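Morning, everyone. Let's go through the strand pairing in this one. Please have a look at the model first.

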Amino acid sequence: MDVRRADERYHGGDPDAGITSFHAFSFGPHYDPDNLRFGAVIACNEEWLAPGAGFDEHPHSHTEIVTWVVEGELTHRDSAGHESVVRPGDVQRLSSAGGVRHVERNDGSVPLVFVQMWLAPLSPGGEPSYEVVHGIADSTPYAVPEAGAMLHVRRLAAGERTAVPDAGLVYVHVVRGEVLLDGEELGPGDAARITGTKDLEAVAGTPAELLLWEMSTG
């Protein structure tokens, strides 16, 4: 298990424009050849947008983009004609496929915090697609078959245990709270990259929220 701490993340964004970003993987000008990906996951960005701030229209291609809102509301618009507001508890996925452009903004009056994860598809190209699943339940994994991955959302009360999926690769991101995972204490923004998980549990020291990506080694 390879633990990466929140304070090890690369700082990005544009604070003067109300955008603060924390990158778990090599990203943009922060190039790290030893930290390009883990399984299908090629980015896990924590984004903080002040009211009225956002990312102007920009392109993506050959990437599965999955977004989890922590606080506030995210306004999404894209060149395929989709427009939506994503709230805490919703999972948003933009399959950029052969190419799409989108806008992400905080049109609300309070700060917006979200985690955005990029996954490499198994095959490039295709037509872009988009969906939002509202109020996803802990017991319902969210499949991204285009990347051969499954997202599990776990919300835990203090002292509660949850099983980590048995899989070739599991990426764990702590959204909030504190958990004990295989003897390691993890806090907000910490992550664990686990190979060959079997019979592993996470125990919440405080009320906690986890995102877990289940992937094969193939």
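Start with strand S14, residues 149-156, and strand S21, residues 208-215: they pair antiparallel over 8 bridges. Val153 has its bridge partner in S21, namely Leu211. On terms: strands are DSSP runs of E, at least two residues long, numbered from the N terminus. Two of them pair if DSSP finds at least two bridges between them.

A word on the source. This is a predicted model, where local features need pLDDT of at least 70, side-chain atom pairs count only at pLDDT 80 or more, and totals for chains, interfaces and linings use all residues. Residues are numbered from 1 along each chain as its sequence is written, and side-chain values use heavy atoms, with hydrogens and water left out.

S14 and S21 belong to an open sheet of 6 strands, ordered S1-S19-S16-S21-S14-S13, with antiparallel pairing. Which strands stand at the edges? S1 (2-4) and S13 (142-144). Each has a single partner strand, so one side of each lacks a neighbour in the sheet. From one strand to the next, the twist averages 20°. That comes from axes, lines fitted to C-alpha atoms, with angles between N-to-C directions running from 0 to 180 degrees.

Next sheet. Here 4 strands form an open, antiparallel arrangement in the order S15-S20-S17-S18. S15 (161-163) and S18 (184-186) are the edge strands; each has a single partner, so one side of each is left without a neighbour. Neighbouring strands are turned by 25° against each other on average, direction ignored.

Last pair. S17, residues 179-181, runs antiparallel to S18, and 3 bridges join them. Leu180 has Glu185 in S18 as its bridge partner.
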